[in-house]
Each structure stands twice: as structure tokens, then as C-alpha cells.
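User: Please go through this structure with me, giving the criterion behind each term that you apply.

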Amino acid sequence: MEAAGRWGLVAQFPAPLSARFARNRLAIAGLSVVVLFLIFCFVGPLLYSTDQTHTDLTQVNLPPSAAHWLGTDAVGHDQLGRLMYGGQVSLLVGLTAGVLATVIGTLWGAVAGYAGGWVDAVMMRVVDAGIAIPALFILLVVSAITSPGTPGLIVILGLVSWLVPSRLVRAETLTLKNRDYVLTLRATGGTHGRAIRRHILPNSVSTIVVAATFQIADAILLVAYVSYLGLGVQPPKTDWGGMLSAGLTAAYSGRWWLIVPPGLAIILVVCAFNAIGDGLRDAFDVKGRG
């Protein structure tokens, strides 16, 4: 009985979930885009090797050609190779920071919703205060002070982006903590921590997974914003936002290859993760299951 109650709603989802997700063509397209970009950024450099550390002033601002498929930038870096290299940073930071923010928000929201009373009131006032301050503003201030590298950006993004997931998980917890299997566990001497681990979190998996996809998209955008303003990862490292910032002035000279590829990459990846999130939300939707 405990095993049946432990998984509650979750036990109903796995069988039809993949089929429901697959019926959403936009979500499948988004998943395909993400997979292609992961292959492009992490496998591509193995097939298309370029030097993204040293400058070559004899090869600056060259247009696309057989030697440089997307041309070169203002210091002679191959633009296609740099797009792969910058994509590694953008995707790594976005994925890791999105997951970190979701984990923090999930734990915070689950504890607040389950505890209730004054504990919930205090914890959620902290969330409300944090939401009132734009995450981009906090990120810009911290980045200007510390000039963080990739690990620093991940931590900072995770610490400023967990607020929305915490509210979503709290709302889910408020409905789950009064279910029969949770009340039975408490009546038989189960601890609060066990109730959260065995019942609240597993049965909030749909909310958590969907929130994670949107957080990843938001994190990629935030990285692009900060790097565009020159406060992201420092040279010779770069990301797609940094590439946009470096190529902005060249746009007036007709060097489209310096801004169009990274701009399209950001748009496609962010839209793809949002489409995946929409598809997962529909797939997990209990009322939508036939």
C-alpha cells in the first residue's frame, strides 16, 4: 500500500507520457533543435578544428569562403568554430544554471508549502522580495564586481533564478500534503522529511520538469544579456551573447556573418526549450489525458 501511495500520480504518467509528447510536433521540433545544437557545439569542433585562443591579424573580417565557412571576426578567429566554442559556454551555463535554479526552488517551495503557517509566510516573503528585484539587475551588479568565469556565472544564475520554480512547487505541495497517502505516512510516525522525499517531490515531478525547461531557456537568455553588455565570460572565452556584442559595430559595415549566426542560435535554442516545456506541460496535463 505504501508503495502504491508513494508514487501516487506519478505512476499514472510514464506509459502515455512519451506518446502524448510525441504528438506535439512543435515540442518534437524543439527537442530536435536542441539535440542538433548539442551535437554541433560539442561534436562539431572534433570535425572542424579551429584555433580560438590565438589571434591572426592577417585573417581579420574575411567573408564566408571555402577556407572559413562563416568568415572570420575582427581578430582572425574562424566564426564557425567560434560559434561552436561559444555555444558550449552558452549551453553549459544555461543547462547547469537552469537545473541548479530548479533544484533550489524545488526544495524551498516544497519545505514552505509542506510546513505552512509562519514558516511558509516567512519563506514566501523572501521569494516575493527576490522577485521584486529584477534578476538581470542583480546579475549585472555581481558580474561587474566579480567578473565571474563559467562556474561563477552558473552559481550566480542559479541563485537569482530559483524564485519562480519555488512558487510553482509550493503551490503543488499545498495540494499534495493533504492527500491520503501523505496523511497515512504522518499518522504512522513518518517524518516530515520522509513525506517530502517519498511523496511530495515524486508527485511534483511534472511541475519540476516543466519548470526546469523554462529555467534553462531563461538562463541562456540571461547569459546572452550579460555577455552582450561585456560582463560575461572574459576573452579568449566567449559565448553567443559575447559574439553578438563583438560583432555589433561590424553590422554597419555589412559583415552580417558576425551577428546573424549567434543571434539565430540564441533565438532557436531559447524557442526550442520553450517548445519542449510547452510539450511536457501538455503531456503531463491530467485533464488532457484521454
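Analyst: The questions below take up the chain, its helices, a pocket and some loop residues.

Analyst: This is a predicted model, in which local features need pLDDT of at least 70 and side-chain atom pairs count only at pLDDT 80 or more, while totals for chains, interfaces and linings use all residues. Residues are numbered from 1 along each chain as its sequence is written, and side-chain values use heavy atoms, without hydrogens or water.

User: What makes up the secondary structure of the protein chain?

Analyst: The protein chain has 14 helices and zero strands. Helices (H or I, at least four residues) and strands (E, at least two) are DSSP runs, numbered from the N terminus. The C-alpha trace spans about 75 × 45 × 30 Å along its principal axes.

User: Why is α12 called largely enclosed?

Analyst: A residue is buried under 20% relative accessible area, exposed over 50%, and partly exposed in between (1.4 Å probe, protein chains only). In α12, 17 of the 24 residues are buried, so the helix is largely enclosed by the rest of the structure. In the protein chain, buried residues make up 44% of the 290 residues.

User: What makes the buried residues of α3 lie on the same side?

Analyst: The buried residues of α3 are A27, G30, V34, F37 and C41. They cover an arc of only 90° around the axis (taken from the directions from the helix axis to the C-beta atoms), which puts them on the same side of α3. In general, an α-helix has 3.6 residues a turn, so residues three or four places apart point the same way. The face of α3 turned away from its buried side carries the exposed residues R25 and L36.

User: What caps the N-terminal end of α5?

Analyst: D78 caps the N-terminal end of α5, with a side-chain oxygen 3.1 Å from the backbone nitrogen of L80. A polar contact is a pair of N or O atoms within 3.5 Å; within protein, one must be able to donate a hydrogen and the other to accept it, and residues adjacent in sequence count only if both atoms are side-chain atoms. At the start of α3, a side-chain oxygen of N24 reaches to within 3.2 Å of the backbone nitrogen of L26.

User: How do you know whether A250 and N61 are buried or partly exposed?

Analyst: At 6% relative accessibility, A250 counts as buried; A250 is in the loop between α13 and α14 (260-284). At 23%, N61 counts as partly exposed, and N61 lies in the loop between α4 (44-47) and α5.

User: Which helix gives the most to the lining of the largest pocket?

Analyst: α13 gives the most, with four residues. A pocket is an open set of points on a 1 Å grid over the protein atoms alone where a 1.4 Å probe fits, with protein on both sides within 12 Å along at least five of seven lines; lining residues have an atom within 4 Å of a point. Of the 27 lining residues, the closest to the centre are D73, R82, T238, G242 and A246.
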